[in-house]
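Visitor: Could you take me through this one and tell me what the packing terms rest on?

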Amino acid sequence: MHLLFWGILLLFDGMMLSYNPTKFGSQLVLRQFLLRAALTDALAAAMFYTNWMVLIPRTLSRGRLVPYIIGVLVLLLLYIPARFGTSLLIGGAAEGVRNQPQTLAMIVPYGMMGLMAIFFSSALRITGDYLRALSNRRELERQQLLTELAMLKTQINPHFLFNTLNNIYSLTSRKSDKAPEAVLRLAEIMRYLLYESGTETVPLSRELAHLHSFLDLQRLRLPASAPEAIRFEVAGVPAESNFPIAPLLLLPLVENAFKHGDLAARPVAVHITLALAPDTGLTFSVLNHVAPNDAGRELPDQPGGVGLANLRRRLELLYPGRYALWVSTPPGQHLVTLTLRQA
């Protein structure tokens, strides 16, 4: 903004110099013109920076309009005599006016020049303050979103750990041989939670590996005679898919299926499908059977509101206008479908 102000001053001086170059043919006249231009530019700069550094911070920035108007009038009362003094000191273009009765008529042009410097200063200062405030507000909103997302993510991890430890406790209480494998699967999952989910997005392949580990852990709860009770089908996803997705975004839907689903249902208790297509994006659905007494009603969220409510809030923050979440309850079933579109 300061470069813009000085660029405009120098541009006006250059225009005056090029308007009638023959008039400044002699070195004396040229020196007078340059000296006069330097003094008038200095006066304009004094008006500009006094308004910029003194008047606006002490009046307009504090909502005091009347003191600002008084300050502008005082600046003009100082500028106009100084402008006359410059013309009298240098002579040059003002020499003819100085010796005529119409000298006082120059008060209006000089006053307009002073007002232009003040208003230009005010416009630049107010615009700059507005842009800085807008940038600060956006940065504050971004930090608030990051903080809220971090809090939502920390709500997921303890809840998942609580459920998993309950499962492992159940295995150990029965002295099941699956307990060591369950601890190993939990270690893999915790490694993902601690070291790989701290970024804004992760490759879809890593999120799928995390879900597979979670499902393997859940399969340990089922009888050996029911290996197909959990089915996970993936379509259109390469082995090393780089499709970006927020970490731990799909887990709440899968967790709900096991928390509220009827794992005794046969042949498939939980049916999970994931499809990735260039035109529609990612589609993820979880279908699970429900107990007869729960049929026909929507399943509740996780304890403490960290289930679907948490997921919806994360989706609003991370994928505004680019997601859809449907929940339906066919007879004896519960179906949740999530679609995500790339930006």
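Here is a short talk about helix packing, the sheet and one record.

Guide: A quick note before we start: this is a predicted model, where local features need pLDDT of at least 70, side-chain atom pairs count only at pLDDT 80 or more, and totals for chains, interfaces and linings use all residues. Residues are numbered from 1 along each chain as its sequence is written, and side-chain values use heavy atoms, with hydrogens and water left out.

Visitor: Why are helix 7 and helix 8 called roughly parallel?

Guide: Helix 7 (residues 204–219) and helix 8 (residues 251–260) pack at about 10 degrees, axes 11 Å apart. Axes are lines fitted to C-alpha atoms, for helices over the stretch in contact, and angles run from 0 to 180 degrees between N-to-C directions. Under 35 degrees counts as roughly parallel, over 145 as roughly antiparallel, 65 to 115 as roughly perpendicular and the rest as oblique. So helix 7 and helix 8 are roughly parallel.

Visitor: And what makes helix 6 and helix 7 roughly antiparallel?

Guide: The axes of helix 6 (residues 179–195) and helix 7 cross at roughly 155 degrees and come within 9 Å. That is why the two are called roughly antiparallel.

Visitor: Which residues of helix 6 and helix 7 meet?

Guide: Contact means heavy atoms within 4.5 Å. Among those in helix 6 are Arg185, Leu186 and Tyr192, while helix 7 brings residues including Arg206, His210 and Phe214. By class, this contact of helix 6 with helix 7 has seven nonpolar, two polar and five charged residues. (Ala, Val, Leu, Ile, Met, Phe, Trp, Tyr, Cys and Pro count as nonpolar, Asp, Glu, Lys and Arg as charged, and the others, Gly among them, as polar.)

Visitor: What makes strand 2 and strand 6 edge strands?

Guide: Five strands form an open sheet in the order 2-4-5-7-6, with mixed pairing. Two strands pair if DSSP finds at least two bridges between them. Strand 2 (230–235) and strand 6 (323–328) each pair on one side only, and that puts them at the edges.

Visitor: How do you know that strand 6 pairs with strand 7?

Guide: Six bridges join strand 6 to strand 7 (residues 333–340), and the two run antiparallel.

Visitor: What does UniProt list for "transmembrane region"?

Guide: The unreviewed UniProt entry lists residues 34–53, 65–84 and 104–128. In the model, residues 34–53 are 100% helix and 0% strand, with end C-alpha atoms 27 Å apart.

How values were computed
Helix = DSSP H or I, 4+ residues; strand = E, 2+ residues; numbered from the N terminus. UniProt positions renumbered as here; feature names shortened; annotations may be inferred.
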